[in-house]
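These are my notebook entries on one structure.

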Amino acid sequence: MKPLTRSIVLFGSLLFVFLPKKITRACGFGIGSGEYRFWLLQPDIVNEPDLTPFFFSAGYLYNGDQNAAREPSDKQNILEWYNAANRTVLKNEIDTILNYTSPSNFISDLGILKDRNTFCKWLLRPENKEFYSYMVISKKIEQIAANPDPWEEGSEPDKNIPQLIQEANLLYRGCKNRFIRLRVAFQLERLYFLNNEGGKACNIYDSLIAPIKTNSWIKTAALYKTANRLPMATKQHDYILSKVFDKGGYHRTACLVKFNSATYKETLSLAKNLHERNVITAMALFNYSGRSLNEIEKIYLNEPKYKEIAFLLLREINKLEDWLVTNKVTEFAPAVYNNDRSHFKDYDAVVNYKNDKVYGEQLYSFLQKIIIDGQRKDLGLLNIYAAYLATLQKNNAAAATHLFAAKKARHTPANVKTQIKISSFLLHLQVAKKFTPRLEKELMQILHTHDSVLSIYDPTIMRNQLVLYTARKAMEKGEIARGILLLGKTNRAWGQLPIGNIKNIYQELEEKASSKDFNDIIALIDKKHKTEFENFITGKELGAPEYYSYYFGENYAVRLDKDKLLDCKATYYIKKDCLDSAIQILSLLPDSLWRQEPYVSCIAGNPFYLNVYCAHKVDAEEGMSCNKKEIVEEMLLLQRKIEEEPSKAAEYNYQLANAWYNMTYFGKNWLMMKQWWSVTETSSYSDTKQTAFNDLYFGCNQAKKYYLKAMDAATDKRLQALCCFMAGKCDENYRSYIWYAQQEGWDKKDFHKGKNPYLKQLGDDTYYKEMVGECELYESYSRKYGALTY
Amino acid sequence: MPVCRQSLFKFLAVLLILTSCDTTPNNVTRAYYYWRSDSFLTFAERAVLKANQVKKLYRKILDVDWNDIQGAIPVASGRIASIDNDLNQYDSFGINIIPVIFITNKTFQRIDSADIPVLASRILRRCLPKLDSIDANGKHYYDYNDRNSPLTEIQFDCDWTVATAKKYFYFLQTVHSLLPDKKVNLSVTIRLHQYKYPGKTGIPPVDRGMLMVYNISNIKEHSPVNSIFDYDKAKAYFSSGKKYPLPLDIALPAFSWCLIFRKGQFYQIDNGLARNNLDSCSFLQASKNGFYKVIRDTVYRELFLRLGDEIKAETISDKQLQQAASLAQTAVNTKEFSISLFELSENEIKNYNHETIDAVYRSFR
């Protein structure tokens, strides 16, 4: 396999295992409703920031930054030059020249640079002539290496290389400074490689670089380059890579990517000692997406203090997490061994899950053993792992013990301490039956810890994840009001609407909140002496989903607004047909609210008039236009009129029925009951379920109830026919919605063609037939009976 | 004098006057410059070409600069194929796309004359991938196999000076000699100073010149004068009355840019920043002569602006465009030529309505 292909395969397999859960369910922003998970032990917890694939594999948690991993040789190089210049220059100015000055600019702008840059000035001192000469040569090589064939004519190697080799040789021979000689030798090696003279390059390494005793990154880099000469996927090639990987400080990620795991056992034959065997095995395991515990155990047995054991164990935990947890909290399919989905059955998922649980127990036992052995310094980290695995096994007591031990451990880096705090909080959250003030306090302590103390890759991501996870848990524990308010504070998307939008707090309230929850929220907002947590969740600023803020900036600014909350509460009562309660709340709201979007566009016209053939349209002839409050007022008035004027009960019931119909999915005032509308909601693409609200909204059952009342009360045959027709229409809507909700099968496609079940009740169907046959007649009836007469 | 002889004399005089002036209209080809590196035209850009019946599109395909290590190398490149496809196939709009190669004057200052033939071949390969055996990568950039219209012209853009004229002209001659199809015209851009002093700067050995009636003054000067076009300054270049000894096409300014000055010194140029963008920026304060002062440190559109920086917004009004056109009319020296506007970009075309652009093209007939 070619290196590129292998890299792609490696990355692909890692992605498969670790891909952050941003799953597209439909068009629009690529975020699925299941997109939340927090309990991930991020790769940076092991403090090996140069192993890119593992950072990339959890890309979301690293801000999508594929370069999240750092190449330590850059810093090391600056430090070595800083020391070479006797610490008389500024490090950032060394950085400018080494890493941010193009070869061309270095040569052409030297005159300007020397006045601005202390390092450049130092290079130009007569006594530093050799340093300067070296820098010129290295810049020239940098240019050629970066752009070996600028005209893309297959004209490599560059014709300037022999001249440069000559210059470098001259400098090497005339120079006594070890710092420069090592670097010039390295550049000579590079030049020979660029000139397709691998043999000479390796000779340079063997004769001029290998014998030098130094800790400089240059020596490792030079060794790495010698691997280039050898064919890929050979044991000699991989053996050199293992040496570079073990030495550290240069291209460790590239070593892993280029390493051929499939033949690592052959590479083992070149190992001179147990340590080298461990390194080669570890490299193979890093690339392996299956279970690796047996091999890790062997490495531990050979060399208990081997530094990569911590990372390898973390990899196993991350794998387990994906096998056991990910598909439960996301929309990922269950783990399938060998990526064989063609033979995958539900049964396999159950078996896999069971086996993975057992594997988790084995891993936990091994961790316990290492901890008890006490041979490693990273006991804090290992105890976090153990706590995590114990939690997966629902052994919360053991998890608590491990976390306590982690706290007590010595030499714990700051980011590991942060993880201990987070893990402890999550454990407390897990164990608690209720979302208590103590948990709130603990959460706030983490959220308010200064970034520098947290010392993690991106504290903002962690905070948003933590808030999202905690909010969900609080809601699970029955704290809907606090949970929803907390949810509003994360910038993570917690759900997507079929219209492509990401859910906001008001839509969450619409779905989850009861009247008590609304009362609790409003009481919280009005509370005078709030706790820190309460202040946090009742702050006006809400977290805009990250994709929204990226695309729309501040234009998408949903804020916590009491009027909007009251409106949601009023909607809650409307949906429950508690119009009296609804009007009490709506009376508290300013009329100006109804003149704003979306109200002004989506609640208009005469609510009691309905032309079912174009029910979303507001006709200019409707004669009146009501806002939300006015609609409820008028509906209440109509209810009273029914009692007061029984002779007109039929007409009033018909008008009330129209008002309810207009508030359904099919009517012009749908915003009275729901905050969004989509054409796909009543199609096979929707995942509409049967609920009491959906019976009302899609099934039009409330409207039907009033049409039937009107039909009963009517003496006017035309009105009777109209009510019968509309009751039938409601019934048809109901059957259609139920069919989609239950997904009964495509063989029942003709569900909507059933006869109007209320025709029997109607008796004489002369007017009915005329009305159904002639649209104009229907419209004239609609206009006549839809006009308020009181 | 008898009356009949008088009449005959008058008739002959009128005839002489009439025959001495050629009243046949000029054959003007409408053209535009497309200078960006990306390889697609927006809907609005395509619409402008169509509405104005533009028949030639000068498309920059290569920037060549001098690199102290590797010599003359391409630093940016654009492709023709997708634009050609969009216009000629998708829009069914016959337009001739002319490749333009920008070469810095520094390249000719530094290049060894002996290396000029190599440079000429390399550049020509990008225009004609089948030029020689080394064509595989060139084809990638400029695929004439898929081209919808034959190549009729190649244009070079270089602000050559007296010092570099010899090498530049040698380069042009070499390109010409390498052209397998002699029907392909070579043209070069002619700056105003080159137009005014052909005796000093020389006359390039090509088929045609494209007179650029803009870039009147040095953009690095902190001055109230509009460096793109200033009528009084431009007029001076057209005062000699002599015709340039090379058939000329005309390029007129229809663009804007912002010049950024730091501590009174030129700092940066931004082509994408328009004056109306600046008016709405809270971190800017308008001052005299199109200058804006930065009143607080900020990062705007990837520009790092510091308190005290000055931004000079330079645009070309309808009037200035018409002035440039009227001056350029005096430079026309053939009956068939192209009038090209610089440049085709959504940001710029919205500054001119159809009538203005149409009138400018028509004014040359």
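**Entry 1: the largest pocket**

I began with the largest pocket, which holds about 1400 Å³ of space. The model I worked from is a predicted one. I found 40 residues lining this pocket, and those closest to its centre are B:W35, B:F102, B:N215, B:W257 and B:I269. I then asked which elements give two or more residues to the lining. In chain B they are the strands β2 (56–67), β4 (96–103), β5 (153–157) and β10 (265–270), together with the helices α8 (192–196) and α13 (346–349). Sorted by class, the lining comprises 16 nonpolar, 14 polar and 10 charged residues.

**Entry 2: two helices of chain A**

Next I turned to helix α40 (residues 766–773) and helix α41 (residues 775–786) of chain A, whose axes come within 5 Å and cross at roughly 110°. Angles of 65 to 115 degrees count as roughly perpendicular, so α40(A) is roughly perpendicular to α41(A). I noted the residues that meet: A:Y767, A:E770, A:M771 and A:G773 belong to α40(A), while A:C775, A:L777, A:Y778 and A:Y781 belong to α41(A). By class, this contact has 6 nonpolar residues, 1 polar and 1 charged.

**Entry 3: where the chains meet**

How many residues does each chain bring to the contact? I recorded 18 residues from chain A and 18 residues from chain B. The size of an interface is often given as the accessible area lost when the parts come together. Here chain A and chain B bury about 1500 Å² between them, and 51% of that area is on carbon and sulfur atoms. On the chain A side, A:W151, A:E152 and A:E153 lose the most area to chain B, and together they account for 52% of what that side buries.

**Entry 4: backbone details**

Most residues other than glycine have a negative phi, and most peptide bonds are trans. I therefore listed departures from this pattern.

- The peptide bond from A:E597 to A:P598 is cis, with omega near 0°. I located A:P598 in the loop between α32 (579–586) and α33 (599–602) of chain A.
- The peptide bond from B:F342 to B:E343 is also cis, with omega near 10°. I located B:E343 in the loop that joins β16 (336–342) and α13 of chain B.
- A:R87, a residue other than glycine, has a positive phi near 60°. I located A:R87 in the loop between α3 (72–84) and α4 (91–99) of chain A.

Technical notes. Residues numbered from 1 in each chain as written. Chains lettered and ligands numbered in written order. Predicted model: local features only at pLDDT ≥ 70, side-chain atom pairs only at ≥ 80, totals over all residues. Heavy atoms only, no water. 1 Å grid on protein atoms, 1.4 Å probe; cavity = no way out; pocket = protein on both sides within 12 Å on 5 of 7 lines; lining within 4 Å. Points joined across faces, edges and corners; volume = space filled by probe spheres on them. Helix = DSSP H or I, 4+ residues; strand = E, 2+ residues; numbered from the N terminus. Nonpolar A, V, L, I, M, F, W, Y, C, P; charged D, E, K, R; others polar. Axes fitted to C-alpha atoms, helices over the stretch in contact; angles between N-to-C directions. Parallel < 35°, antiparallel > 145°, perpendicular 65-115°, else oblique. Contact = heavy atoms within 4.5 Å. Buried area = accessible area lost by both parts, 1.4 Å probe.
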